[in-house]
Amino acid sequence: MTAKEKANYLVQKFSKLEKGLDEKEWFKREVSFNGNNKQCALICVEEIVSYLYDIEFYKREDAIKAAKYWKEVKKEINKL
């Protein structure tokens, strides 16, 4: 999944939860984005990046790639 696709997915997931839709209904409806949903998605991404750095996993090449990916997701969320 590209960073842009992941950003849209995360924000949509929070949007749909906010509207009280269960998981089975998520993919059947389009939703609009609002600031709260974007903030929740950003918090999730920041926690993932922070975790990668906290466990000193960042020294490994695959962790560096993962951190770059999640930082790109964060950029894409901010564009929404």
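Axes here are lines fitted to C-alpha atoms, for helices over the stretch in contact, and angles run from 0 to 180 degrees between N-to-C directions.

What we are looking at is a predicted model, in which local features need pLDDT of at least 70, side-chain atom pairs count only at pLDDT 80 or more, and totals for chains, interfaces and linings use all residues. Residues are numbered from 1 along each chain as its sequence is written, and side-chain values use heavy atoms, with hydrogens and water left out.

Helix α2, residues 35-54, and helix α3, residues 61-79, pack at an angle of about 165 degrees, with axes 10 Å apart, and α2 and α3 are therefore roughly antiparallel to each other. Their contact (heavy atoms within 4.5 Å) involves, among others, Leu42, Val45 and Val49 of α2 and Ala66, Trp70 and Ile77 of α3.

Now to the cysteines: how many disulfides does the structure hold? There are 0, where a disulfide would be a pair of cysteine sulfur atoms within 2.5 Å. The sulfur of cysteine 40 has its closest cysteine sulfur in cysteine 44, at 7.1 Å, which is too far for a bond. Cysteine 40 is partly exposed, at a relative accessible area of 31%, and cysteine 44 is also partly exposed, at 30%; on this scale, buried means under 20%, exposed over 50%, and partly exposed in between, using a 1.4 Å probe and protein chains only.

Technical notes:
Helix = DSSP H or I, 4+ residues; strand = E, 2+ residues; numbered from the N terminus. Parallel < 35°, antiparallel > 145°, perpendicular 65-115°, else oblique.
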